[in-house]
Amino acid sequence: MKMVCPGTAGNLARYIIRACFSQERMVYIPAKKSEDGVAKVIYTSKDKKTRKIFNALDWLARLLTHIPSRYEHTVRYYGFFSNKSRGMRKKADADDTIPTIIPNEMSSNEARQNWARLIQ
């Protein structure tokens, strides 16, 4: 039997299975334990240097903006445009370089012969 969740709550329920954030770095403080009686979410950055405190409803609102609608696909980048490649170029201070295709010095006839040889 297929579970069907209508509306925004359904989108959230489907999305939590593969969330875009680390649940280990998120701490939920219920309203009963909060000083001002408002539920809060504390999120710690990956390097553990930055902590942000959100009102629980604001946290959900921010989270929902990242969830695609049903049947909507997110864009994923691979290769040159992936996050890892861009990060490595940024560390090497080579992020401004533009990838180009090197022109071929062979004549078209030489290229055809070379291609035929490679296929064999």
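These are my notebook entries on a predicted model of a protein chain.

**Entry 1: the overall layout**

I began with the secondary structure. I found four helices and three strands in the protein chain. Reading from the N terminus, I noted the order α-β-β-β-α-α-α. The chain has 120 residues, and 18% of them count as buried. I then looked up the surface: the chain exposes about 11,000 Å², and carbon and sulfur atoms supply 57% of that area. For contacts between residues at least 6 apart in sequence, I wrote down that 27% join residues at least 24 apart.

**Entry 2: the core**

Which residues make up the largest nonpolar core? I listed seven: Phe-21, Val-41, Tyr-43, Phe-54, Trp-59, Leu-63 and Ile-67. Strand S2 and helix H2 (56–64) are the elements that give two or more residues to this core.

**Entry 3: the loop between S1 and S2**

Next I went to the loop between strand S1 (26–29) and strand S2 (40–44), where Ser-34 sits. Is Ser-34 buried or exposed? I have it as buried, because its relative accessible area is 12% and the cut-off for buried is under 20%. Its side chain makes a polar contact of 2.7 Å with the side chain of Asp-36. Beyond the residues up to four places away in sequence, Ser-34 touches Ile-29 and Lys-40.

Asp-36 and Lys-40 turned up again when I checked charges. The structure holds one salt bridge, and Asp-36 forms it with Lys-40. I noted 3.0 Å between the closest N and O atoms. As a reminder to myself, side chains of opposite charge can pair when their charged atoms come close.

Pro-30 is in this loop between S1 and S2 as well. I put Pro-30 down as partly exposed, because its relative accessible area is 28%. Along the chain, Pro-30 and Ala-56 are 26 residues apart, and their C-alpha atoms are separated by 8.8 Å.

I moved on to the loop between S2 and strand S3 (51–55), which holds Ser-45. The side chains of Ser-45 and Asp-47 are joined by a polar contact of 2.5 Å. Not counting residues up to four places away in sequence, I found Ser-45 touching Arg-25 and Thr-50.

Gln-23 took me to the loop between helix H1 (7–16) and S1. Gln-23 is partly exposed, with a relative accessible area of 41%. How far apart are Gln-23 and Tyr-43 in space, C-alpha to C-alpha? I got 8.9 Å, for a pair 20 residues apart in sequence.

**Entry 4: a patch on the surface**

I finished on the outside of the chain. Val-75, Tyr-77, Phe-80 and Phe-81 form a nonpolar patch on the surface, and together they have about 450 Å² of accessible area. I looked up one member, Tyr-77, which lies in the loop between H2 and helix H3 (83–91). Tyr-77 counts as exposed because its relative accessible area is 54%, and the cut-off for exposed is over 50%.

Methods. Residues are numbered from 1 along each chain as its sequence is written. This is a predicted model: local features need pLDDT of at least 70, side-chain atom pairs count only at pLDDT 80 or more; totals for chains, interfaces and linings use all residues. Side-chain values use heavy atoms; hydrogens and water are left out. Buried means under 20% relative accessible area, exposed over 50%, partly exposed in between (1.4 Å probe, protein chains only). A polar contact is a pair of N or O atoms within 3.5 Å; within protein, one must be able to donate a hydrogen and the other to accept it, and residues adjacent in sequence count only if both atoms are side-chain atoms. Contact means heavy atoms within 4.5 Å. A nonpolar core is a set of buried Ala, Val, Leu, Ile, Met, Phe, Trp, Tyr and Cys residues joined through side-chain atoms within 4.5 Å. Patches are made of residues with over 30% relative accessible area and no salt bridge: like charges are joined within 9 Å, nonpolar side chains (Val, Leu, Ile, Met, Phe, Trp, Tyr) within 5 Å. Accessible areas come from the Shrake-Rupley method with a 1.4 Å probe; for residues, only the protein chains shown count as cover. A salt bridge is a side-chain nitrogen of Lys or Arg within 4 Å of a carboxyl oxygen of Asp or Glu.
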